[in-house]
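Visitor: Please take a close look at one part of this model, the open sheet, and tell me what surrounds it.

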Amino acid sequence: MSTPPDESAVQPKLRRREVLLGLFTLAAAATVSGCSVDKKALRLFFHSHFKELSPDELSERLADLAGRYSKRFGRAVSVHATPPLEGVRFGYALDISRCIGCRRCVYGCVEENNQSRDPQIQWITVLEMEKEKGIDLQHANAYYDHALVPQPDKFYFPVACQHCEHPPCVKVCPVGATWKDPDGIVVIDYDWCVGCRCCLTACPYGARHFNWGEPNLPAAELNADTEYLGNRPRSKGTVEKCTFCLQRVRKGLYPKCVEVCPVGARKFGNLLDPESEIRYIVQNKRVYLLKEELNTEPKFFYYFGL
Amino acid sequence: MPLQKSKTDRARIRPEDRPAGPLRILMGSGERAATPRPACRRARFVLVAGAILTWTLRTPVAGSPSVVESGASGNGSLLAVSPPPFSEGIFPCSECHKPDDKIDRTPHEVEAHDTVVFEHDKKNRWCLDCHDATHRDSLRLASGALLDFRESFKLCGQCHGPQLRNWMAGEHGKRTGSWRGQKQYLLCVSCHNPHSPRFKPLKPLPPPHRQEPSK
């Protein structure tokens with residue numbers, strides 16, 4: 001074995017002293033020449049965590065984002081940060097006996113929440129399962145392509161973020177870029193996310209999706225009414241998932257998937273409101289929690305209505 | 001569950017929720033006011049009487065959503081029911097069916113309505129079980145009582161009791177609009193064709209792209 005060639009001889013190494021000297025010279029030159037450093041840009045780049053932003057900082061950030069998105073898409077984009085509602089705990093129910101697997105919810109969600117079209121990201125996965133086997137994730141098929149649905153011997157099981165009471169994804173995030181808001185919605189700050197994908201592996205439902213490539217969203221298909229923690233356009237290297245259509249539900253509207261479902265299998269409401277339909281279902285129907293044994297306590301209830 | 005409409009209920013329907021339909025009848029509690037025919041004083045009288053009756057009973061105008069109580073206990077928030085989805089030009093029925101028409105009450109196929117595919121307990125039911133032969137612009141309950149088309153869920157609920165109960169509670173059917181406050185609800189017939197209620201299969205939207213390893 002010959003000794004490895006001296007690397008510094010092949011490739012001149014940058015020494016720490018030289019780097020520091022260079023930076024210092026640059027700073028000095030900037031000061032002397034009167035070249036103004038864009039303080040606002042610096043402040044926006046080194047912003048604090050979303051939860052620690054003062055109201056002024058937040059509105060400055062939202063305005064900055066809106067400006068950047070408007071420039072990028074060539075049309076007016078608004079970015080809001082609607083706070084969680086008081087006295088509200090969102091819950092979702094899905095009637096497996098009614099779902100026909102038509103995937104209207106999947107594409108309604110994509111349009112509403114500005115997912116990348118290609119590379120394709122979809123927050124809802126509709127699984128086709130055999131009636132004979134029951135809920136069997138191992139043999140479920142997400143890629144079914146029949147001429148007509150429902151197929152007589154199959155049933156359909158849509159899966160998206162379960163908005164757990166004890167979300168494992170939040171637990172593993174090393175930087176605190178994802179958390180559960182007081183209304184029960186698990187949110188992500190796309191700008192704080194470092195793209196480590198720990199949450200993707202921690203989520204037992206496969207609900208989180210990673211932007212492996214630069215998201216491709218045609219400007220004409222953009223939903224320009226966006227939320228900071230919700231459907232604002234994402235960038236490469238960030239994680240995203242269902243937010244119960246945060247931009248809609250915090251205004252009192254139903255999520256998009258509820259609105260587009262042609263069979264009325266999707267139910268949504270405030271679990272704390274005794275008159276809500278979600279409460280009626282949880283109280284009167286036998287509900288099924290996906291992977292209940294993991295103790296994540298999903299707020300997404302599957303049930304058999306018929 | 002009593003379905004009473006009060007003045008406050010009425011006031012909660014916003015005017016913009018009231019679509020301007022082609023419906024021209026004013027419906028009281030079964031009272032029918034026919035389309036006004038110029039030279040007919042009697043029809044005009046019926047129209048005025050119907051209007052007064054409508055005002056007195058505070059029942060909504062045909063074509064507007066009616067309001068029912070929701071919630072399992074019956075004292076929940078109010079919700080607006082969408083207007084019935086009539087085929088174009090089909091309503092009012094009295095445009096074609098005149099009061100002096102001869103009525104054949106034996107079950108038979110009706111040629112004039114050959115677009116209607118009837119698959120709703122065909123063996124035991126036919127038109128006049130739900131439609132009224134003398135008051136053509138009304139439905140009729142099993143008791144013989146007349147029923148507005150906007151309240152057809154009561155007719156359906158005669159046989160489909162559990163479905164009506166769950167619909168009232170919000171479990172069956174589809175609600176749109178707002179999850180709090182007043183909810184927009186669809187009538188049974190908005191999703192189920194009353195003459196052929198079973199859901200028809202749909203073409204699914206395309207499957208997701210498979211994750212292929214890059215070459």
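**The open sheet and its surroundings**

Guide: Strand S2 (residues 90–95) of chain A pairs with S10(A) in the antiparallel sense, over 5 bridges. This is a predicted model. One of the residue pairs can be named: A:Phe90 has A:Asn270, in S10(A), as its bridge partner.

The two strands belong to an open sheet of 4 strands in chain A, with the order S10-S2-S12-S11 and mixed pairing. Strand S10 (266–270) and strand S11 (287–288) of chain A are the edge strands, each pairing on one side only.

A helix lies across this sheet. H10(A) lies across S2, S10, S11 and strand S12 (300–303) of chain A, and runs at about 105° to S10(A).

S10 of chain A also has a part in the packing of another helix. The buried residues of H5(A) pack against S10, strand S3 (125–130), strand S4 (154–159) and helix H9 (256–260) of chain A. Helix H5 (residues 104–113) of chain A has 7 of its 10 residues buried, so it is largely enclosed by the rest of the structure. The buried residues of H5(A) are A:Cys105, A:Val106, A:Gly108, A:Cys109, A:Val110, A:Glu112 and A:Asn113. Just after H5(A) comes A:Asn114, with a positive phi of about 60°.

H10(A) leads on to the other chain. Helix H10 (277–284) of chain A and helix H3 (152–157) of chain B are included in what covers the buried residues of H4(B). In helix H4 (residues 161–169) of chain B, those buried are B:Asn166, B:Trp167, B:Met168 and B:Ala169.

As for the contact between the chains, 35 residues come from chain A and 28 residues from chain B. On the side of chain B that touches chain A, strand S5 (residues 175–177) of chain B gives the largest share, 3 residues. By type, the residues of that side of chain B are 11 nonpolar, 11 polar and 6 charged.

Chain B itself has 5 helices and 6 strands. Along the sequence they follow the pattern α-α-β-β-β-β-α-α-β-β-α. Of its 215 residues, 24% count as buried. Among the contacts in chain B with a separation of 6 or more, 59% are between residues 24 or more positions apart.

Definitions and conventions:
Residues numbered from 1 in each chain as written. Chains lettered and ligands numbered in written order. Predicted model: local features only at pLDDT ≥ 70, side-chain atom pairs only at ≥ 80, totals over all residues. Contact = placed C-beta atoms within 7 Å. Nonpolar A, V, L, I, M, F, W, Y, C, P; charged D, E, K, R; others polar. Buried ≥ 20, exposed ≤ 12 C-beta atoms within 10 Å, placed from the backbone. Pairing = 2+ DSSP bridges. Axes fitted to C-alpha atoms, helices over the stretch in contact; angles between N-to-C directions.
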